[in-house]
Amino acid sequence: MNAPSETTVSRISIVLALFAAACGGAGGNNGGPPPPPPKFTNASLSGQYAFSMSGTELCAGQGSLFARIGTFTADGHGNITNGLEDLNICTGTEILQFAGGRYSIDADGRGSLTLTNSTGTTNYSISLVSSAQGTVAQTDATVTASGTFQRQNPASFSNPAIAGGYVFDFKGVEVVGTSVDPASIIGRFDADGAGAIVNGLYDSNIAGTLSGQQTFPTGTFYGMDTNGDGTAFGRGTANIAGRNFAFYVVDATRIKFIGTDFPSELLGEAFAQQNIAFNDSSLAGDYAFLIDGLNSGSPIATSGRFTADRVGNIANVIADENHNGAVTLLPVGTVTGAAYAVDTNGFGGGLLQWTDTTAGTFSFIFYLISPTQAVLQETDSGIVSDGMFTAQTATPITAASMAGDYAFVWTGVNSSGDETDFAGQLTLDSSGGFSGLLDSNRFATTTSTQVFNALINGNLTLSGNGLGANTFNVTEVSPADTFHFTAYIVDQNRIFVVCTDTNRVLSGTLTRQP
Amino acid sequence: MNPKISRKRATALLSWATALLLGTAPALAGGAQETAVQGRKTQVEARPAAVPARAFAYDAKRESVLEGTVVGYTVGGQIAPTGAHAAVRTRSGDVDVHLGPASYLQANHFSLAAGEQVRFVGVNAVVNGKGVFLARIAQKGNQVVAIRSPRGSLLAKGAARLLTEAERAQMKQQGGAR
């Protein structure tokens with residue numbers, strides 16, 4: 001293409017100037033209010049953030065589970081200036097330092113991120129919930145993954161800052177000999193502020209084999225790295241529930257963990273536990289839950305809600321389970337034996353179960369973080385699935401109250417059984433309609449498919465008071481597709497979703513942006 | 001005590017909980033942990049000995065052999081479970097066979113075409129009200145592919161975790177951004 005002549009440039013300049021004046025743009029003086037500033041810019045991502053994600057990598061021609069956690073520093077101007085990550089991939093565990101990277105944030109909080117280390121550059125789509133946290137999906141041709149990131153508080157990068165009770169939830173695979181089995185380990189411990197761990201309790205579910213509650217074996221500890229990575233990145237190592245981990249501190253209330261006992265692979269988080277003696281009365285009111293995992297190696301995702309009465313009874317159980325496309329919408333028959341029991345030791349562990357006369361028995365173990373939040377592990381039918389339950393709002397839910405902007409992340413498998421990850425943003429209007437944009441990465445061993453800036457629209461249709469199963473249908477314009485979700489409203493700021501299509505398994509969370 | 005979940009309460013733990021609140025719990029940790037474990041063991045033991053498995057669970061004890069002729073093969077169709085499916089004509093009728101993620105089969109150079117004779121080891125299950133045979137081992141001629149572990153777990157995402165040291169070294173040398 002030839003360079004434009006000077007005359008052409010002048011004409012274009014005149015036209016642009018007239019257009020700007022007509023629109024009240026630069027130099028305009030029509031007295032109208034200035035346009036609102038964009039909600040998000042590159043300046044919104046500024047500081048040090050800890051991230052964690054799990055997914056599928058291409059390894060030896062096959063899809064293979066992997067996990068990564070770490071930290072990056074964003075300068076507020078589109079540059080990644082520093083960082084460190086721990087990987088657990090098919091070739092082993094690695095610690096890699098970031099030499100640089102770039103990012104770009106759109107006005108809706110969506111954006112792109114690249115992280116460069118000595119092996120090359122990896123690519124991500126991100127969606128900011130706020131300047132303090134966001135969701136992330138890896139979008140490389142041979143790797144897909146999804147997760148979250150939160151701004152770190154460097155004041156918590158010390159052993160004394162990590163003190164008190166913590167509840168944890170780790171999931172992944174455990175490899176013993178030639179057996180690769182899905183694993184979920186939940187529990188709690190007390191950190192003494194000096195590197196020792198006491199009162200450690202856990203429940204593991206390895207390929208459906210339950211450990212029952214166990215104490216931590218000897219050798220348990222935690223400690224920030226003393227080589228400079230501790231103070232610079234918030235990195236440390238720990239032995240929890242008999243497994244070795246690296247961790248990155250978000251702040252004193254939240255820590256991200258990755259298992260380092262290769263070839264096993266675990267990923268999870270620990271949350272500061274409220275310092276009270278828990279009992280049955282700790283559970284009161286309405287709760288929504290979201291768990292995912294594997295059953296016989298097949299993906300499973302479940303979301304639902306229940307009401308607890310302070311004395312061990314459960315009522316109003318509603319749930320949607322998608323097990324590799326086999327969809328169960330509870331209640332199918334009559335729910336009986338719905339009950340819970342918080343351990344008498346005060347540590348916050350407990351049991352939860354119900355039986356649907358048609359669908360069967362659903363049983364869980366939980367550890368309370370507080371009376372309003374817990375980690376949750378399913379323990380029936382060989383299922384290895386975990387996640388959280390959290391108190392539902394007492395405030396009436398209406399389409400108008402849910403209106404606003406949301407960042408979201410979904411993960412699961414597509415019809416061919418391969419992992420798919422989504423990250424995006426949408427705006428709900430006061431009638432439940434929405435539109436937005438999403439990025440996705442659909443893994444395949446031959447040709448993975450990355451889609452960027454796909455337009456989506458649809459509706460959130462509330463049922464009754466909104467605290468039960470609501471309909472959330474999402475239409476992707478190109479490539480044309482429609483996703484049918486059930487949405488469980490946690491509160492005005494958070495929605496759990498599970499896909500009820502029979503040709504895929506997806507679940508995730510929508511979180512309100514400011 | 002909640003009568004719906006039968007369990008024995010360990011009343012002696014009240015003093016420990018008080019100690020925890022007072023910050024003296026670490027000194028009591030050993031005894032408290034033992035009691036705590038006993039409490040949970042009692043609870044777990046009190047649960048139904050075996051929670052009835054729901055219809056979709058892979059029960060290795062019910063494994064059988066299925067032989068027949070392929071009349072159809074789909075990858076990424078609309079039917080559950082997700083993954084590759086083969087329609088196999090047997091003496092007792094046509095059977096839908098689930099073969100797991102398509103990418104795993106491709107990685108193992110395994111595909112099927114109409115008219116081929118096949119043999120599967122697996123279990124019958126019901127998914128969305130329809131019968132499906134969940135294959136653990138697939139055999140076509142001399143080619144045998146393990147799709148699930150002996151316990152029934154799909155191998156698709158875990159197999160690469162069992163690479164040998166040499167294979168790992170080779171993979172690492174091949175490079176690529178990590």
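Guide: Welcome! The strands themselves (E, at least two residues), like the helices (H or I, at least four residues), are DSSP runs numbered from the N terminus. This is a predicted model, in which local features need pLDDT of at least 70 and side-chain atom pairs count only at pLDDT 80 or more, while totals for chains, interfaces and linings use all residues. Residues are numbered from 1 along each chain as its sequence is written, and chains are lettered from A and ligands numbered from 1 in the order in which they are written.

Visitor: Thanks! How many helices and strands does chain B have?
Guide: Chain B has four helices and six strands. Starting at the N terminus, the elements follow the order α-α-β-β-β-α-β-β-β-α.

Visitor: What does β4(B) form with β5(B)?
Guide: β4(B) and β5(B) make a hairpin with two residues between them, and B:Asn128 in the turn has a positive phi of about 50°. Strand β4 (residues 117-127) of chain B is antiparallel to β5(B), with nine bridges in the pairing. B:Val126, for instance, sits opposite B:Gly131 in β5(B).

Visitor: And which way do β5(B) and β6 of chain B run, parallel or antiparallel?
Guide: They run antiparallel, and four bridges join β5(B) to strand β6 (residues 143-146) of chain B. B:Lys140 has B:Gln143 in β6(B) as its bridge partner. The hairpin of β5(B) and β6(B) has two residues between the strands, and B:Gly141 takes a positive phi near 60° there.

Visitor: Which strand of chain B runs parallel to β5?
Guide: Strand β3 (residues 93-98) of chain B runs parallel to strand β5 (residues 130-140) of chain B, and two bridges join them. B:His98 is the residue that stands opposite B:Leu134 in β5(B). In general, strands of a sheet pair through backbone hydrogen bonds, either parallel or antiparallel.

Visitor: New topic: how many residues of chain B are in contact with chain A?
Guide: 69 residues of chain B are in contact with 81 residues of chain A. Contact here calls for C-beta atoms, placed from the backbone, within 7 Å of each other. On the side of chain B that touches chain A, α1 (13-21), α2 (25-46), α3 (102-107) and α4 (165-174) of chain B each supply at least two residues. The largest share, 13 residues, comes from α2(B).

Visitor: What do the residues on that side of chain B divide into?
Guide: There are 35 nonpolar, 20 polar and 14 charged residues on the side of chain B that touches chain A. Ala, Val, Leu, Ile, Met, Phe, Trp, Tyr, Cys and Pro count as nonpolar, Asp, Glu, Lys and Arg as charged, and the others, Gly among them, as polar.

Visitor: Where is B:Arg168 found?
Guide: B:Arg168 is in helix α4 of chain B. Apart from neighbours within four places in sequence, B:Arg168 is in contact with A:Thr91, A:Gly92 and B:Leu163.

Visitor: Why does B:Arg168 count as partly exposed?
Guide: Because B:Arg168 has 19 C-beta neighbours inside 10 Å. With C-beta atoms placed from the backbone, a residue is buried if 20 or more others lie within 10 Å of its own, exposed if 12 or fewer, and partly exposed in between. Of the 178 residues of chain B, 35% count as buried.

Visitor: On to chain A: what is it divided into?
Guide: Chain A has domain 1 (42-151), domain 2 (154-272), domain 3 (280-391) and domain 4 (399-512). Those bounds come from an automatic or database domain assignment. Taken over C-alpha atoms, the centres of domain 1 and domain 3 of chain A are separated by 32 Å.

Visitor: Which strands make up the closed barrel in chain A?
Guide: The closed barrel has eight strands, β29-β30-β31-β32-β33-β34-β35-β36 of chain A, with antiparallel pairing. Strand β29 (residues 404-413) and strand β30 (residues 419-428) of chain A pair over 10 bridges, and A:Ala407 stands opposite A:Gln425 in β30(A).

Visitor: And what order does the open sheet of chain A have?
Guide: The nine strands of that open sheet are ordered β4-β3-β2-β1-β9-β8-β7-β6-β5, paired antiparallel. Its edge strands, β4 (92-97) and β5 (100-105) of chain A, each pair on one side only.

Conventions: Two residues are in contact if their C-beta atoms, placed from the backbone, lie within 7 Å. Two strands pair if DSSP finds at least two bridges between them.
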